[in-house]
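Please consult the sequence and the structure alongside the points below.

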Amino acid sequence: MSTNSNGAESPAARIELRVRATAEQAWALSETLDLLGALSVALEPLEDSAPQLEPAPGTTPLWPELELSALFAASDQAGTAMRQLRGEGLDPVLAECPERDWVAVGRAGLEPFKVGDRLWIVPEWCDAPATGVPTVRIAPGLAFGTGSHPTTALCLEWLAGHDLAGKRVIDYGAGSGILGLAAARLGAAEVTAVDNEPQALVAVRANAELNALKVTAVAPGELAAGKADVIVANILARPLVALAPVLLGHLSPRGHLVLSGITRGQADVVAAAYAPDARVTDARHRGDWVCMELRRD
Ligand SMILES: C[S@@+](CC[C@H](N)C(=O)[O-])C[C@H]1O[C@@H](n2cnc3c(N)ncnc32)[C@H](O)[C@@H]1O
């Protein structure tokens with residue numbers, strides 16, 4: 001075991017989840033594993049698969065059947081993914097991977113990026129651009145949320161596009177706390193981050209300290225009664241459907257609910273779970289991902 005910059009223990013070994021799937025299932029499964037906290041997801045041929053020779057330009061053909069390999073930092077995340085995939089009728093297996101320099105692997109490809117004109121997101125180990133634009137520094141640790149995933153980026157863009165001054169904000173499914181921290185940096189008066197993974201709450205508190213921002217991190221059962229002007233929840237379609245009464249219960253009458261972690265094919269089901277109390281007033285897309293804004297009538 002070693003200690004990461006969040007002060008959390010980071011096991012040097014990783015848990016690998018392998019699952020066999022069809023080509024039709026592969027991309028959606030890959031996205032689901034990504035959202036469930038996988039550090040990486042690889043699509044691999046079966047031993048007896050025919051090679052994919054000279055694919056046409058712009059195409060990514062897959063083998064009719066293949067195996068997905070997803071790496072997780074924490075066994076509880078891998079366990080959650082196991083249960084979810086089993087619930088979908090698949091047969092995943094877990095294995096422990098040998099040690100590598102996982103800090104370097106996790107940092108690869110992460111760079112500072114700008115959200116609209118109002119905010120920079122900067123990995124903790126990078127220098128902040130000297131621009132005078134407000135900055136949020138992120139040490140993801142073992143929690144999801146560096147900003148590189150399209151759903152996080154869509155939610156950040158929503159936050160940066162709205163006046164949050166003086167607003168009460170709930171970041172539900174906070175992961176690293178990136179969305180709540182962005183809201184606090186953009187002027188929100190009160191930010192509460194909620195997550196059902198204890199490791200995420202550790203990451204939120206560490207990132208709040210890193211940015212000298214006040215964000216209260218709580219487990220779902222500890223969320224105090226009260227209404228928020230903005231609730232942002234980047235989770236997955238199924239939990240968002242189940243959480244509809246909870247999120248609506250915390251939304252102020254003129255509040256905005258921002259939901260993501262939803263694919264285009266799931267958008268109607270999620271919207272239906274919030275109707276008739278709230279209806280979709282805006283939707284942004286990136287690839288197959290959707291971020292929906294809902295408001296009460
Ligand atoms: C996809 S990550 C999003 C992290 C971050 N908000 C972002 O946008 O990058 C989803 C987070 O929701 C949390 N989560 C999943 N189901 C939840 C539930 N029912 N209640 C609270 N948190 C939940 C997971 O632990 C995970 O940290």
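Glu197 counts as buried because 20 C-beta neighbours lie inside 10 Å; the threshold for buried is 20 or more other C-beta atoms within 10 Å, against 12 or fewer for exposed and partly exposed in between, with C-beta atoms placed from the backbone. The model is predicted: local features need pLDDT of at least 70, side-chain atom pairs count only at pLDDT 80 or more, and totals for chains, interfaces and linings use all residues. Residue numbers start from 1 along each chain as its sequence is written.

**Setting of Glu197**
- The loop between strand S11 (190–194) and helix H6 (198–210) contains Glu197; helices (H or I, at least four residues) and strands (E, at least two) are DSSP runs numbered from the N terminus.
- Ala174 is 23 residues from Glu197 in sequence, and their C-alpha atoms are 9.4 Å apart.

**Sheet**
- Seven strands form an open sheet with mixed pairing, in the order S12-S11-S10-S13-S14-S16-S15; strands pair if DSSP finds at least two bridges between them.
- Strand S12 (216–218) and strand S15 (278–286) are the edge strands, each pairing on one side only.
- Eight antiparallel bridges join S15 to strand S16 (residues 289–296), and Val280 stands opposite Leu294 in S16.

**Ligand shell**
- Among the 23 residues around the ligand, Gly145, Thr152, Gly173, Gly175 and Asn234 come nearest; a residue is near if its C-beta atom, placed from the backbone, lies within 6 Å.
- Helix H4 (150–160) and helix H5 (178–185) each contribute at least two residues to this shell.
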